[in-house]
Amino acid sequence: MSEENKLFKVTIDNITIEVPPGTSILHAARMIGGHVTPPAMCFYTPLKESGGKCRTCLVEVSKGSERDPRPMPKLVASCRTTVMDGMEVKNVTSQRVLDARKGVVEFLLINHPIDCPICDQAGECDLQDLSYGHGNEASRYEFKKRIFVKHDLGKYIQLHMTRCIMCYRCVFTADQVTNKRQHGVLFRGEVSEIATYIEKSLENDFIGNIIDVCPVGALTDKTFRFKNRVWFTKPEDAHRDCPTCCGKVTLWRRGNQVLRVTTRKDQWGEVQSFYGETGWICNECRFEKKDVNDWVIEGLSTIPRYSVKGANKYKALEVPHETVGEVIGRKPKLMMDIHTVSDVNNPSIDLSKIQGPATSDVFNKKQIEDKKEN
Amino acid sequence: MGRKLLLEKADVEGIRYFDTYRREGGYRSVEKALKSMTPDEVTEEVKVSGLRGRGGAGFPAGMKWSFLAKPEGVPRHLVVNADESEPGTFKDRYLMEFIPHILIEGIIVSSYALGSNRSYIYIRGEYAWIVDILEQAIQEAKNNGFLGKNILGSGFDCEIFVQRGAGAYICGEETALLESLEGKRGNPRIKPPFPAVKGAWGRPTVVNNVETIASVVPIINDGGAEYAKIGVGRSTGTKLISACGNINKPGVYEIDMTISVEEFIYSDEWCGGISNGKRLKACIPGGSSVPILPANLLLKTAKGEQRIMNYESLSDGGFATGSMLGSGGFIVLDEDQCIVKHTYTLAKFYHHESCGQCSPCREGTIWLDKLLHKLEYGQGTMRDIDLLWDVQKNIEGNTICPLGDAAAWPVAAAIRHFRDEFEWHVTNAQEAQTRNYGLAHYADSIEVTA
């Protein structure tokens, strides 16, 4: 093997893998996959210079390299640290990392409104996944949260600064994908915000992509807002001949209705590449083509995403203490059990066993099967 | 009386101007370096001197210079960090205001060593009048052939530009400074790459403090070995200390790093004792971001040795019982000062100055601020003190730049050493609004002399 092609050996949580030089620790961990992979809120592979800001991907480097085996004194951001030959990294096996990550999650949530029930991102939200996976049950923050006014960034995009975690992804996207960036970060510290300097709309053919890169519900698609929950919609790969972009998208459908069009994302929630080019899509594909006939459907999206909606995490961790009985002196009468009526929350179906998100088809099929058995 | 190197001629009338400065022996080092030494020899001399960065971290300057990448055909830069915004530190202001030429001289020699043809002084925006002083000094040096093209016939070109900051503390962090210098938002960069490889405009850059660069002048004049003889151990040379707080004689003092802290505070030559005959309660020895020390630990280390004003002695005992020399902002607190209020003031400062780029610092500093506000104004609980400790622990070491650490350390040290005072604020909330906790046991083991 020649010198340039030499692979670097890196050990992450006692699993050794060989990666090409220049790979970041995060990417090496993603090659291994599973629980070894640190979460990343601000890093986005197609965007240059992104990462290093959210500090959720911190890992401990217990051995720098074969040549210099000293451990790194501080936890390092795995997304921006490249591997060295013989490096040993601890992620979930290091209590220090887990504690730091818990701290970071707590910090990210202290000013986040946690308005998931009314947020369009809920179900595919990176912050939601992160806090389920790494956060505390409760926050210790007892002061008022900071609040921003909602901004309209043009015809299609709404900015909900209150939910923003300042990952800078949209700034990098606008910088690198569109030819002119019109928004950025204003002010500093905890009042810093994503904004256009003088309130104005963002006009660019590719500006819609900032919705896709947003890890939280800060940037939302105005054509989809409050139309539906993501877990009720069915993602399908589709394409069309688009003169401006690659035209390869994911359609989010309910019945015959196209509710939303997004870029195709891989299992890490990042835009897929096609023939070496990142699959950003244009505004026309995203916002204007809401008819099934505009698209050639390729089939259901098969990317397994470890997410809130995918892992069926929507169940109460603790059953709340029922106090009605104590007050009225008897057990309350059950007027209607929603579970026997609703298709969606029907407990006879284990949502986690279903491939992809649950749709009414799944429940109908189940009912037919049940009838046959009876 | 210690030896003075930087402020030796500070009292000479008209030292601010080129003619007087030159008459008093100025620009000798430029002549010596450019005429008789190679750039590598200058770097080597600085290495031998053991000069440590005077901005706060104390990283050996010669080492930093030798890390500078030198690719062919790529310009290199020297950037002087004059963004002195640390509360309690005002040594660079004094130096630049009264002896600007020593900085210019140092920059020329350092630029020669580093091969920088365009060097920059990034100065704090609030030092508006010093910009004029520096620009005048640069003009004078240029008129006399010490700047510009082909300096002293050596073939070396050097230009110095003064760039004003816009009032952000974070721009004192070297990578944020470079971003700001480039005209961008002053956010610290993620390291690596370090500025020595990819600095201003992607070119190799060395960022040094004003005092570090000025110290190059005596090093070249007298030789590095001679400079290394001053001081003890790895703390060589002299250090400017800006003393303030409850002392009789606040001001900028140049010390060789051999005198004890006790002597520095109580001797008439330096601070002249605590004002109004009060007693010493605590002290921040190196600018607001280093841990505060109670009087008993300040004057003597945990091992019972006398504490000396130098890098090693002040950091003896780690953060458990020690502190840091930092940037030399010596803030003295007397028995009437309230530690909770003091910590709250600092937390408020760091909250205001956080750039908002990384989450622990952006969200953590406001949390510290709010918790301390609550404690200071009598609404605190014991749980808040523990929470404060947890929050600072989650910030420390997890941020992009040292501002997170700087925000966390003072809080950590205040709780570590003065926890009883915090608890007193909780239990005696009413009383805490009207009077201060006082000295308690912090100074018990110390006889107040002199």
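Reader: How do H3(B) and H9(B) lie to each other, roughly parallel or roughly perpendicular?

Author: First, the ground rules. This is a predicted model, in which local features need pLDDT of at least 70 and side-chain atom pairs count only at pLDDT 80 or more, while totals for chains, interfaces and linings use all residues. Residues are numbered from 1 along each chain as its sequence is written, and chains are lettered from A and ligands numbered from 1 in the order in which they are written.

Helices (H or I, at least four residues) and strands (E, at least two) are DSSP runs, numbered from the N terminus. Axes are lines fitted to C-alpha atoms, for helices over the stretch in contact, and angles run from 0 to 180 degrees between N-to-C directions. Angles under 35 degrees count as roughly parallel, over 145 as roughly antiparallel, 65 to 115 as roughly perpendicular and the rest as oblique.

Here the axes of helix H3 (residues 39-49) and helix H9 (residues 210-222), both of chain B, come within 10 Å and cross at roughly 100°. H3(B) and H9(B) are therefore roughly perpendicular to each other.

Reader: Which residues make the contact of H3(B) with H9(B)?

Author: Two residues are in contact if their C-beta atoms, placed from the backbone, lie within 7 Å. H3(B) supplies B:Val42, B:Glu45, B:Val46 and B:Ser49, and H9(B) supplies B:Val216, B:Ile219 and B:Ile220. By class, these are five nonpolar, one polar and one charged. Ala, Val, Leu, Ile, Met, Phe, Trp, Tyr, Cys and Pro count as nonpolar, Asp, Glu, Lys and Arg as charged, and the others, Gly among them, as polar.

Reader: How many residues of H9(B) are buried?

Author: A residue is buried if 20 or more other C-beta atoms lie within 10 Å of its own, exposed if 12 or fewer, and partly exposed in between, with C-beta atoms placed from the backbone. In H9(B), 11 of 13 residues are buried, which leaves the helix mostly covered. Among them are B:Val216, B:Ile219 and B:Ile220. Just after H9(B), B:Gly223 has a positive phi of about 95°.

A:Lys365 is exposed, because 12 other C-beta atoms lie within 10 Å.

Reader: What is the order of the four strands in the open sheet of chain A?

Author: Two strands pair if DSSP finds at least two bridges between them. In chain A, an open sheet of four strands runs E13-E12-E11-E16, with antiparallel pairing. Strand E13 (257-263) and strand E16 (296-300) stand at the edges with a single partner strand each, so one side of each has no neighbour in the sheet. From one strand to the next, the twist averages 35°.

Strand E11 (residues 234-239) of chain A and E16(A) share four bridges in the antiparallel sense. A:Asp237 has A:Gly299 of E16(A) as its bridge partner.

Reader: Which strands are joined to E5(A), and by how many bridges?

Author: Strand E1 (residues 8-12) of chain A runs parallel to E5(A), with three bridges. There A:Val10 is partnered with A:Met87. Strand E3 (residues 58-63) of chain A pairs with E5(A) in the antiparallel sense, over three bridges. A:Glu60 has A:Lys90 of E5(A) as its bridge partner. Strand E5 (residues 87-90) is covered on both faces, with A:Met87 and A:Val89 buried on one side and A:Glu88 and A:Lys90 buried on the other.

Reader: Which element gives the most to the side of chain B that touches chain A?

Author: The contact between the chains takes 22 residues from chain B and 26 residues from chain A. On the chain B side, helix H15 (339-353), helix H16 (359-376) and helix H17 (382-395) give two or more residues. H16(B) gives the most, with eight residues. The chain B side divides into eight nonpolar, 10 polar and four charged residues.
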